[in-house]
Amino acid sequence: MSRLSRRSLLRALGAASLAPLLPALDARAQTSAPPRRLILFFTPHGAITDAWLPTGTETQFSLGPVLRPLARHQSKLVVLGGMKMPGEDPVGAPHTKGLPLLWTGSRLQTGGTFQRTDGVGGFTYGWNSGPSVDQVVAASLQNGRPYPSLELGVQCYRQEPSARMIYRAPSFPLDPGTDPQAVFNTLFSSQQVEPAALTRARAERRSVIDLVKGELESLNRDLGVVDRHKIDAHLTAMRELERSLAPPTSACFAPALGAGVGSGLVANRPVLVDQQLSLLAQAVACDLSRVLSFQYSSADNDAYPYPWLGIDANHHLLSHEESEAVARAKRIQITTWFSEKFALLLDKLAAIPEGGGTALDNTMVVWGSELGNAQNHSFDDVPFIVAGGGAAGVRTGRFLQTNGALHNRLLVSMCHFMGLTNVQTFGNLDRGQGPLPGLLS
């Protein structure tokens, strides 16, 4: 038999119209790996360093009091010590420029778009001058997901730089969805993610695969040895495609959020956070997006109390009283609550079966803040944790000392994890090159 081409094979099968469903019919069979994802997670006002950092060595370490809620995920973590952000740029007050800087590695623009009016100083500034890492990644994927990126938050209402961390382009901030019920309606009201529709879609695709497999097996009997090897390779790939229609799609369902609560009320924050994290995790389970973020409030104006923790003080003011024992204890309590919520997100991702592991194994989840020590507005020792991604190249289960590396190295590492290995610098304040040493294999 003459050389068997893709076109002639499809014509022989009478299946030319099914070509988009047959990625297996390439020159050689390929096994599809689980998708990689990037999730950014923000909480304000940095951390008290000695309560945050672990003790011990790189691979044998004990989590500090703030991070103990993450103990069940310790083997999936990389706690980064000594990270620094390039916050010396004079444009903007510390909290104000810190949040836009976090994921962009870039400065605020100059100009009078915004002006500090509390009498502290004559700060004028504009929106950020560069895109955030998630948006650069999202633009490169072109993966046909319903949402190129998904931004969720809790009480991020103010339209100014200290309340926005995601930028599609310079001066193009993206507003996070802050009402879980509205987000639910957007993501899960369509039939494409209803369990019955998913079951029908999987059954229909399996029927197509069964038909094509039958045709291939029938054709295989009439071929010579060389062409038979080709068909065997195609059949192997078809079986992989067939397996890909099992979980994780079976883990896709609309989450049960419970009763809606007012998204603008401080007392509702714990419920709102839990609902948003459920939505984020189910968006992963349904493969609605592979680039996601969660933002807890804003940076310099998270002036609200935490009544569910018994704290009636202003969080921002507490952050400037680290040396005072009562304020210190309250700050540790707040940041520990943040840690509990980060652990909850990891729980949800770890509960999604995917490939030979879970969605957490294929997802890089990065927790960061806009400052290190908020008492003196320092951009040194900024708290960062990388979680997950161990099946896709993150060297997890470590306490990695970075020795003052700029966080731009972490931003480059995110790009490399997501396949953008040509990226060697990120942001217009980057003073180095390459990814963060030791983070990725």
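Helix 2 (49-52) and strand 4 (77-81) each supply at least two residues to the lining of the largest cavity. Helices (H or I, at least four residues) and strands (E, at least two) are DSSP runs, numbered from the N terminus. This is a predicted model, where local features need pLDDT of at least 70, side-chain atom pairs count only at pLDDT 80 or more, and totals for chains, interfaces and linings use all residues. Residues are numbered from 1 along each chain as its sequence is written, and side-chain values use heavy atoms, with hydrogens and water left out.

A cavity is a set of points, on a 1 Å grid over the protein atoms alone, where a 1.4 Å probe fits but cannot get out; lining residues have an atom within 4 Å of a point. Volume is the space filled by probe spheres set on the points, which are joined across faces, edges and corners. The structure holds three cavities of 30 Å³ or more.

The largest holds about 70 Å³ of space. Its lining includes W52, L53, L80 and D381.

The second largest cavity holds about 40 Å³. Among its lining residues are D89, K97, R107 and L429.

Now the packing. The largest nonpolar core has 58 residues. Such a core is a set of buried Ala, Val, Leu, Ile, Met, Phe, Trp, Tyr and Cys residues joined through side-chain atoms within 4.5 Å; buried means under 20% relative accessible area (1.4 Å probe, protein chains only). Helix 10 (residues 325-350) gives the most to this core, with ten residues. Apart from this core lies another, of 44 residues, among them L38, M85, L371 and V423.

Key:
Buried < 20%, exposed > 50% of the residue type's maximum accessible area, 1.4 Å probe, protein only. 1 Å grid on protein atoms, 1.4 Å probe; cavity = no way out; pocket = protein on both sides within 12 Å on 5 of 7 lines; lining within 4 Å.
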